[in-house]
Amino acid sequence: MPMPHAPRSASRAIQAIILIAVVALLALLAVTTAEHLRQRGIRSGFDFLLEPAGFTLGESLLPVEASDSTLLAFLAGLLNTLRVALPGAALALGVGVLAGFGRLADNPLVRGLAAAYVNAFRNIPLLLQLLAWYFILTDLLPAADSALHLAPGVLLSKSGLALPWWGEAGFEIPEPAGFGIEGGARLTPEYLAMLVGLALYSAAYIAETLRAALEALPPGQRLAALAMGMTPRQAFRLVLLPQAWRAALPPVTSQLLNLFKNASLAVAIGYPDLVSVAGTSLNQTGRAIECLLIVIVIYLLLSVAAAALSHRLERRSLRGSPA
Amino acid sequence: MHRFRPLILAAAAAFASLATPAQAGKTLDSIKSKGQLACGVSTGVIGFSAADSQGQWRGLDVDVCRAIAAAVLGDAGKVRWVPLSSQQRFTALQSGEVDILSRNTTWSLTRDAALGLNFTAVTYYDGQGFMVARKSKVTSAKQLKNAEICVQSGTTTEKNLSDYFRTQGIKVKPVVFDKFEPSIKAFFSGRCQAYTTDASALAFIRAKEAPNPDDYVVLPEIISKEPLGPAVRRGDDEWFAVVKWVINALIEAEELGITQTRVDSLKASPDPAVQRFLGVGEDLGKSLGLDREWAARAVKAVGNYGEIFNRNVGADSPLKLPRGLNAQWNKGGVLYALPLR
C-alpha cells in the first residue's frame, strides 16, 4: 500500500514547526553564547569593525591605511579573494577544456601529456602545489635590481610581475628603484602563485569531468552524425559537445565553487585574502567567534549566489539549443 | 579547509565551553584532583616552548609550567602539554581546555582587559626588531622605505610594524604568512627585504635557520615593548595567586642565590629570607593553598630564573641571548621579585 500523502496544510505546518525550532535553537545558542562570554569577562560584539584596523595589507585594490576601519580591511581582503578567484576560474575553465579535449585527442603524445597533467595535478594536495609554485617563483626569479625584461616595461623578478599601468603620475613604466620596482601595476609572486596554483588544480578536475561527459555519450550519436555526412570535427562540435557540455555543467560549476573556497589557503603563501585579514583581526581583538562568523557568512553568501547563477545557466542550456 | 582549522578549533572550543559556566576558585582543586596541570604552549618556538627530538617539551615557558606543577602537585612531570596556534590560544584558556597559557604571549591592555583572562607576571621582556640581508647595506629600520617585510601573522607584530612606520612617515608592504616556515623561507629566498618579529626569535632564526648567519644582520631598532608572560582565566583569584607567586619565587630564588643544586643544603642557612623561601621557618604556602615546601620544590625541579634563562635562551643555549632587560633589578635589568614574606 502506498504511503498516504499528508494533506498540504499538514505538511506546511510541519515545515513551519521545524523552521521555528531551528530558528529558536540558533537564537538560544546566540543568547547563551553572549551570556557566557559576558560572565567570563570576554568582550564580544561587532563594534570592533568600526575601530581602526591598526594593520595594513601588503597589496590591495582598495587603498587601506592602518587608521581605516577593520570593516574596510575585511572588504579589502574580500576584494583580494575575488581578485584571485575570478580570473582563476576563467583560467581554470580555459585550461580545463583544452586538457579535457586533449585527453580524447587522436595524437598519442597530446593524449599522454593531457593524462599526465590531469593525474599529477589532481593527486597532489593543493596546499603543496601552492607552496611549490610560490617557492619556485621566489627562489628562481632574479632580485628586483636584475629583473628580467620580458618586454619593454614588463619586468619579472622576486617582487613579482611589473606592468606599465596608470598610477598616481599618469601612465607609468615600471623601473627598478630602491628596494624593488616602482611605477605601473604589479602582480606579486603571492598573487601569481595563487592564480596559477588554483587554476591548474581546478582545471585538472574540469578536464576529467569533460572527458567523462564526452565518453558517456552513446557511441551511436557519433556514428549517426558521421552517417549523415558530417566530418568528425563537425560531429564533435555540433552533436557531441553540446550534449556533453549540458551533462558537465553542474560538476564544472561546483569545481569553480571549490576554486573559490580553496582561495582561502592564500595566507599559507602570504597573500592577504579574506581569511588572512580575519586571522589578523582575530588576533588583535580576540573576537574569535565574530571573525569566524564574518568569514562563514561571506563565503556562504557568495557560494549561494554562485550556485544560483550556475542553476540559471543549467536551465538555460536545457531549454535553448547551444550554438 | 586547512586554513580554517585554527579558526574552527578556536570557535569549537568556545562553543563547547558554553555548557559549563566558569567556577571561581576551582582551578587549583581540579588540578589537584586530576593530578595534572594542563599547560598551553606554542607549536614550536625554540627557547620558549618546543618539543625536542625525543618529544620532550623544552623552553623557558615550558619550565614555568613545570615549576608550577612541582609546586602544586609535587612532580614537575605532571603536565599535559597543549600546543596552541596563536589564534587558538586565548579561546583554549577561556574555555578551560588549559589551566595556564604559557606561550610567549605579550601582555597588553586589550588582552588583559577584554579577553576574560589575567596576566600573572612577566617572564621575558622582549621587543620587536628587524633582520635584513647584509648585502642590502641597510643599517637602520628607517632606511626600509617601500621595502617588503615578511612577517608571521597572529601576534602583535603586524600592528607594531604599521605603527612604527606610520610614525616614521615611511610606507612598507607587509607580506603576511600564517606559518613560521614559509615566512622565513620567503625571507631567505630574497622575496622580502626585511623580516620582523620579536628580537629573541630573530636571534634564533639568524643562528639556526639562515643559510649563512653572517649574511644577515639584526638592525639596532627595537620598535615595541613585548613583555611576555603566562595568563590564567579571570575569576579564579586563588589560582591566579599561585601562578603569580611561583613565578615570583623563581625570580626571588635567583636573587637569594638559591639554585637547583643548593636547594637542599641551603635549608640550614641562617638567612631568614632563605628559610622562609624554603619553608623552614614561616609557612608561606598555606596562604596560597599549598604546602610549605612549594617554592623549594619549584626551584629543585627547574632551577631559579637565572638557571632557566641560561639553559633555554641564554649563554648555555644555541640562542645565546644576553640577559639585557631580563637581568635582576640590582644587575641592570628590570626583574624585581615581589617580596616573599
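**Close-up of the buried residue Val98(B) in the predicted model.** In this predicted model, Val98(B) counts as buried because it has 27 C-beta neighbours inside 10 Å, where 20 or more are required. Val98(B) belongs to the loop that runs between α4 and β5 (100-101) of chain B. Leaving aside residues up to four places away in sequence, Val98(B) touches Ala38(B), Cys39(B) and Gly40(B), together with Val82(B), Ala92(B) and Leu93(B).

**Close-up of the contact between domain 1 and domain 2 of chain B.** Chain B is divided into domain 1, which comprises 5-125 + 228-323, and domain 2, which comprises 128-224. Their contact draws on 12 residues from domain 1 of chain B and nine residues from domain 2 of chain B. On the side of domain 1 that touches domain 2, six residues are nonpolar, six are polar and no residue is charged. The C-alpha centres of the two domains of chain B lie 30 Å apart.

**Close-up of the side of chain B that touches chain A.** Here 47 residues of chain B are in contact with 45 residues of chain A. Several elements of chain B each supply at least two residues of this side, among them the helices α1 (5-17), α4 (89-94), α5 (109-114), α6 (157-168) and α7 (180-188), as well as the strand β10 (173-177). The most is given by β10(B), with five residues. By residue class, the side of chain B that touches chain A divides into 19 nonpolar, 15 polar and 13 charged residues.

Definitions and conventions:
Residues are numbered from 1 along each chain as its sequence is written. Chains are lettered from A and ligands numbered from 1 in the order in which they are written. This is a predicted model: local features need pLDDT of at least 70, side-chain atom pairs count only at pLDDT 80 or more; totals for chains, interfaces and linings use all residues. Domain bounds come from an automatic or database domain assignment. Two residues are in contact if their C-beta atoms, placed from the backbone, lie within 7 Å. Ala, Val, Leu, Ile, Met, Phe, Trp, Tyr, Cys and Pro count as nonpolar, Asp, Glu, Lys and Arg as charged, and the others, Gly among them, as polar. Helices (H or I, at least four residues) and strands (E, at least two) are DSSP runs, numbered from the N terminus. A residue is buried if 20 or more other C-beta atoms lie within 10 Å of its own, exposed if 12 or fewer, and partly exposed in between; C-beta atoms are placed from the backbone.
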